[in-house]
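Trainee: I would like to go through this structure with you. Could we begin with how the chains are arranged?
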There are 2 protein chains.
Amino acid sequence: MLKIALAQIEIIPGRPDINTRAMLTQIDQARQQQSQIIIFPEMSIPGYFLGDTWEQLTFLKDCEAYGQQIIAASSDICIIFGNIAVDWNKVNDDGRIRKYNACFVAYQGRLLGNDNFPYPFRIKTLQPNYREFEDTRHFYSLRKLAIELGLTINQLLQPVTIKIDNQKLNLGCLLCEDGWSDDYAVKPITALQQNGPVDLFVNISSSPYTIGKNNKRNRIFSAQAKSVNAPLVYVNNIGIQNNGKTVYTFDGCSTVYNHKGDIIEYCPSFSPALTCTDLHLTMDNVTCSSTLIPNDDRSIRTIFQSIAYGTKSFLNLIGIKKVVIGSSGGIDSAVSAALYAKILGPENVLLVNMPSIFNSKTTQDLSAKLAKNLGCLYTIIPIQQVVDDTIQQLSNSPIINQKNGEKQTLVISPFVIENIQARDRSSRVLSGVAAAFGAGFTCNANKSEMTVGYSTLYGDLGGFFAALSDLWKYQIYELARFLNDEIYKKEVIPQEIIDLVPSAELSFDQSVDEGKGDPIIYPYHDYLFKAFMEHWNRRTPEDILLWYEEGVLEEKLGCQSGLVATLFPTTQEFISDLERWWKLYTGMGVAKRIQAPPVLAISRRAYGFDHREAQNGFYFTMNYQLIKERLLHE
Amino acid sequence: MLKIALAQIEIIPGRPDINTRAMLTQIDQARQQQSQIIIFPEMSIPGYFLGDTWEQLTFLKDCEAYGQQIIAASSDICIIFGNIAVDWNKVNDDGRIRKYNACFVAYQGRLLGNDNFPYPFRIKTLQPNYREFEDTRHFYSLRKLAIELGLTINQLLQPVTIKIDNQKLNLGCLLCEDGWSDDYAVKPITALQQNGPVDLFVNISSSPYTIGKNNKRNRIFSAQAKSVNAPLVYVNNIGIQNNGKTVYTFDGCSTVYNHKGDIIEYCPSFSPALTCTDLHLTMDNVTCSSTLIPNDDRSIRTIFQSIAYGTKSFLNLIGIKKVVIGSSGGIDSAVSAALYAKILGPENVLLVNMPSIFNSKTTQDLSAKLAKNLGCLYTIIPIQQVVDDTIQQLSNSPIINQKNGEKQTLVISPFVIENIQARDRSSRVLSGVAAAFGAGFTCNANKSEMTVGYSTLYGDLGGFFAALSDLWKYQIYELARFLNDEIYKKEVIPQEIIDLVPSAELSFDQSVDEGKGDPIIYPYHDYLFKAFMEHWNRRTPEDILLWYEEGVLEEKLGCQSGLVATLFPTTQEFISDLERWWKLYTGMGVAKRIQAPPVLAISRRAYGFDHREAQNGFYFTMNYQLIKERLLHE
C-alpha cells in the first residue's frame, strides 16, 4: 500500500517562480496528509509552451535553481516532477545547449535514478511533433541520446528504484507522449517493464484538451496498465498555454488506473486538485477500490466548459476585465455575448450595435432584445454617416501622377463599400470604444468563416481573441441552445436569432427579411470544410470529387443524405462550388488567418499554430483534373 | 572528366505541375549541351515550405506521379532531383503515412541505389528543426530508420553507384542540412566517404537567404570537400517560399568545390541558371580550373537584392501589381516608397499623405517632395474631420445598463486619440483606397518597432506585407542611402528625411520641428533589441544587467561606446528603461505580432514563424532580481 498525491496544479507557462511556490504549497499539504509520494505534471516548473524562450540560457539556469528548491523539499516525501534538464557539456542538434524534457524523482533531498542511467532524471522518449507540439525543436530525445551513447533505447529505458518506508519500489517514469506509443516503433512502457519489473508507472503530462482526447486516453492507458499488470498514475496540469496564434486549455483529469486497467481515481476537469490515493501495489486487494467511468469529453457540455475556462483564463492572462462586443443580432455575436456575460458578469460586457442602411429592423431589435435578456451594457453607434463621408472623401481626392501631372479619381464599388462598413465597425468604432472603456473587443468568427476567409481584415476578423473560431457553425447553434437550456436556463439568446438566416447584412443582397444571407450553406459546407481541415488525412478536391463520383460523398463527409443533389442539380454546379471554396481556403483564407487574432483550440486541428499553412495559393492535382474531365464529359 | 549541369531553378512551392514542366525543359537543355548529369535542388518537385499540405494523400500521390515523369526523362542523362518519397506500407511517428525528404538518382529510365539501401532513393539524415525549419514534423529521418531497421546510421549511409559512358561513379548524395553537420553527432559526409570511396558529392539544397549564410556555407563546404578529397556540387533553388507569417527568399548561389575545396563555379544569386561544368574526378587536372571568390553576402547590396527580389516575388505570388503606401514624410515610408517604385514602376505606386492637426508642414512637404522625386502617384487625404467626428460620436453615445437603466458615456483620452488616428489612416483610408485602386497597402514597420510593438493594430501595423520588418532602424537608414547612391543614383529620398528625428506625429509631444519624436532611442535600442532577438543565446535582462554591472555592455551589444552613460545618468534610469522595453517585447509586442502581416526574413531570426513565441507576459529571473538589488543598493 502506498499513499500517493496527484498534484493537478495550474501551471503558468514561463513563470518558474509562481509554479515553484504553488508546488511547495502542494508538497506541504501532501505531507500533512501523510502522502509518501507526490506527483506533479510534465514541465511543472517552467511550463510547456514557451516558444523560443528555451534559447535563453538565463531562463534555463533559473529553472534549474527553482528545481533545486523542490528537491530540497523532498526530505520526507518523494517528489516526482517535470522540469527542463540541461547538460551544460553537450549540445543539441542545432548547436545550442543540450536540453531534455525530463522527469525528476527526488527523495531525502537528492535526485534518484543515476545508478542505472547517465543522468539523475528520466528523459522523454517519444517527442510529439504534430499539431501544436514541437518538442523536437528544443529537446533532445532519448532516441538521439541512445545513438550518441552507442546504446539501444531499451538499454536506457530503466526504472528508478526508490526505497520508501523499507519498501523497495521500481518506478516506471513516462512523460506524456511516452504513453501514446501506438504509432511509434519504440514502446517505452514495454521496455521499462522488461527492465523492471516495474511496481508503479507514472505518466507526468502536460496535455491540452481536445474533443475526444480523454476517451481515447482512457482506452489506451487502461489497456497499457492491464497489459503490463501494474498500476499507472497519470497526472496532467490545468491552465492555459499558447503558441501565439493558438490557445490551448489543459483539462487535468488526472487518473489512476489499477493493475486491471480500471479507473480508480479521476480528478475533475479544469479544476485544481490534490488527490491523495491509497494504491495497492500487489494484485491482492485491487478489488476493494470501486471503479469509475468518466464522462464523454465530446459532449457540448465539455466543449462549453473548455471554452469558458479557456476564455476566462486568457482574459486573466492578458489582464482584460471588460469586453466590447459588436452585436449584429446574428447568432455568432449572440453566443459570444452570452459566453462573456457568463464569464465576466453582464455589467462588464458592452454590446455595441452599429447599424448602416443595410441592417434590418429585425436584427436591430434582436440585438436589443439579447442585451436586455443578458442585462449587459448596450449602446447603438450608427456607422452610415462616416461610411458615406469616407466614400465621398475617397471619391473626391484627386490622385496626381507626379511625373506628368495627370489626374484621376477613385470609383468606390459596392463590394468595396461592404468592406468599408466592416472595417468602420471594428477599427473605428469597436477599437475606439474598447480603448476608451478600458476593454478588449472580441472576434466572433466561427470556424466555417475562418476556413474560407469570409470576413474582412481589420473588420470582423479583428479583436483580441477568437473564442469561437474552432467551432463549426452547427456547433455554434448547439452552443446557443446549450447556453439557453443548461447555463442560463432561460432564453437569453432569442429563439429568433437561432432561427434567422445567417447574414452579414453588408448589402441589400444579404437582406435577412427576404431570407437572403451568407454564401456559405452551412449544413453542407461545414462538413466539406471539416474534411479539408479535420480529417486524419486531409481531404482535397480530388478526394471529394471521387466520393461524389462514387456516390458516397454525404456518407464520407457526415452531412445529411440527399443534400448534395438538392444543392447542386448539376455536376458543373457541384464542381464550381467545390473549386470556389478550395481556392478561398488555400488562398485568401490563409492571407486573412495570418493576421487573425489568437484562436481558442478545441478540435483536433485548430487554425493558427496547430494547422501550419503557407500562402501558396490553390492547387488541383493531376488526378483531380482527370476525374473532373471524366465527370463533365460523361 | 564529367559534364555536369547545375539546374538552379525557381521552385514554386505546392506546384508540382509547374516545377516538373520547368525541370523537363532544363533536362532538354542540359541534354543539348551534352551534360551527363543534371542536378536539381532539394524538393524540386513539391517545394519545401508547404505547411501541413504533406498530410494530403492526394498531394503525395501527385508528387510521385510527377516524379515518374522526371524518371522517364532520364533515358540518356542522369537526373538527380529532390522529391517527397512515400513508403505506403509504413507510418511516421504521428501515425500518418511514412514520408521522406529524398534525393533521387534516375538514369536510363529507372531509379538507382537500391542495391545497397532499402529504397531506390536517398534519405535526408540530418533534419533541421530550428528557425523556420520543421523537417521533423513531416519527414522520417535516416536516424529513425536506422533504429527501426536495427542498423547503424553508418551502415545506411551508402553511396549510389552509377555507370555513365563506361565510367563507374560513386555518388555521395547529401540533402541540405546533411552538409551542415558541425553540431550533430552524425557526420554524413564522413560516413559516405568511408563506405565509398565517393567520387563526387552532391548536396541538393533548398536553403533560404540569411545575412552571412553563404560566407559560412563556403567556409564549411570548402573544408568538407578538402577533407574528403573529393569534389562537391551544391545546388540550391531560387524563388520565395513562406510559412504564412514569414517569407523567405532562396538565393541560389549554387557552387562547385573541387578536391582542394576551391570554388570553381558560382551561380548568380536570385537568378535562374543552368550552369554546365566540366568536372575532373581525379586530382590530376584540378589546377586547370581557376578559382573564384564570392561576394560578401552581408553587404547592404545583397540585403537590398534579397528584399527587392523577395518583395517582387511576393507581389507576383499574390497577384498584386499596384501598391498604396501611407506616406508620412518619415524614413520608413520613404524607403518603402523607393523600394516599391523600383520594383513596380512609380506609376503603380500611390503615396497617400494623411495629415491630422499633429502633422507638421515639414513632413507634409517632405512627403510631397519624395513623391515628386520618385514620380509616383500622389494624393492627400486629411483625417482630422473623421477623427473629430469619431471622438464626438463615441463621447456622445449613451451606454445603457440593461439591468438597471443606468447611463454612462465614454471619455476619450489623448492616448486613445493617438490610436484612433493611426487606425483611421490604415483601416479607413488606406484599406479603402487600396481596394478601390485595385492594390494592396504596405506595412512599413521596421524591426525595432516590431520588437516592442511600437505601432497600432489595424493602424500602421496593417498591410498585406511587411517588406522592411526584419531591418533594424540603422539598416533602414543604410538602405535609404544605398537606394539614393546606388540604385537611383540621385537623391530620391530627400536628405532631410534621413536627417529628421523619427516620429509618429500622433500628438504635439511628438513634434518633429521641436526635435521630439519616438521613445525608442535607436542607436542604443536597436542593439539592445538585437541582443534579445538575434544573439545565438537569446539575451534577457539578466545578461544585460550583468554586462552593465561589469562595464562591458556596449562592447557586448555592439553599440557606440559611451552611449549608455549619456542616455542613462543613473542605474535606476537604466533599469527602468530595460524593464520597460522587455515588458513590451514579451507582452504587448507579442500580441501585436500575432496579428501582424507576413514579414520578409533576411536576418538569422525574423518575426513570425522563425521566432516562436507565446503570449505569456514578461518574466524576470531570480538572478536578475539579485543583480538589480545589488546595483540599486550599492
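Mentor: This is a predicted model. The copies meet through the same surface, because 100% of the interface residues of chain B are also interface residues in chain A.

Trainee: What rotation and shift superpose chain B on chain A?

Mentor: Chain B is placed on chain A by a rotation of 180° with 0.0 Å of shift along the axis, at an RMSD of 0.0 Å. That is the relation of a two-fold axis.

Trainee: Which C-alpha of chain B is nearest the axis?

Mentor: In chain B that C-alpha belongs to Gln595(B), and its distance from the axis is 2.0 Å.

Trainee: What is Phe574(B) in contact with, leaving aside its neighbours within four places in sequence?

Mentor: The contacts of Phe574(B) are Tyr524(B), Tyr548(B), Phe568(B), Ile544(B), Leu545(B), Leu553(B) and Val564(B).

Trainee: And in chain A, which residues of α20(A) are buried?

Mentor: Phe574(A) is one of them, and the others are Ile575(A), Asp577(A), Leu578(A), Glu579(A), Trp581(A), Trp582(A), Tyr585(A) and Thr586(A). An α-helix has 3.6 residues a turn, so residues three or four places apart point the same way.

Trainee: How does the span of helix α20 of chain A agree with what it should be?

Mentor: Helix α20 of chain A covers residues 571–586, and at 1.5 Å a residue its 16 residues should span 22 Å. The end C-alpha atoms are 22 Å apart, which agrees.

Trainee: Now the backbone. Which residues does a cis peptide bond join in chain A?

Mentor: In chain A the cis bond is between Gly196(A) and Pro197(A), with omega about 5°. Pro197(A) sits in the loop between α6 (188–195) and β9 (200–205) of chain A. In chain B, the bond from Gly196(B) to Pro197(B) is cis too, with omega near 5°, and Pro197(B) is in the loop between α6 (188–195) and β9 (200–205) of that chain.

Trainee: Where is Cys253(A), and is it buried or exposed?

Mentor: Cys253(A) is in the loop between β12 (246–251) and β13 (255–257) of chain A. Its relative accessibility is 5%, so Cys253(A) counts as buried. Although not a glycine, Cys253(A) has a positive phi of about 55°.

Trainee: What about Gln34(B): buried or exposed?

Mentor: Gln34(B) counts as exposed, because its relative accessibility is 57%. Gln34(B) also has a positive phi, about 60°, without being a glycine, and lies in the loop between α1 (16–32) and β2 (37–39) of chain B.

Technical notes
Residues are numbered from 1 along each chain as its sequence is written. Chains are lettered from A and ligands numbered from 1 in the order in which they are written. This is a predicted model: local features need pLDDT of at least 70, side-chain atom pairs count only at pLDDT 80 or more; totals for chains, interfaces and linings use all residues. Side-chain values use heavy atoms; hydrogens and water are left out. Contact means heavy atoms within 4.5 Å. Helices (H or I, at least four residues) and strands (E, at least two) are DSSP runs, numbered from the N terminus. The expected span of a helix is 1.5 Å times one less than its number of residues. Buried means under 20% relative accessible area, exposed over 50%, partly exposed in between (1.4 Å probe, protein chains only). Copies are superposed by least squares on the C-alpha atoms of residues with pLDDT of at least 70 in both.
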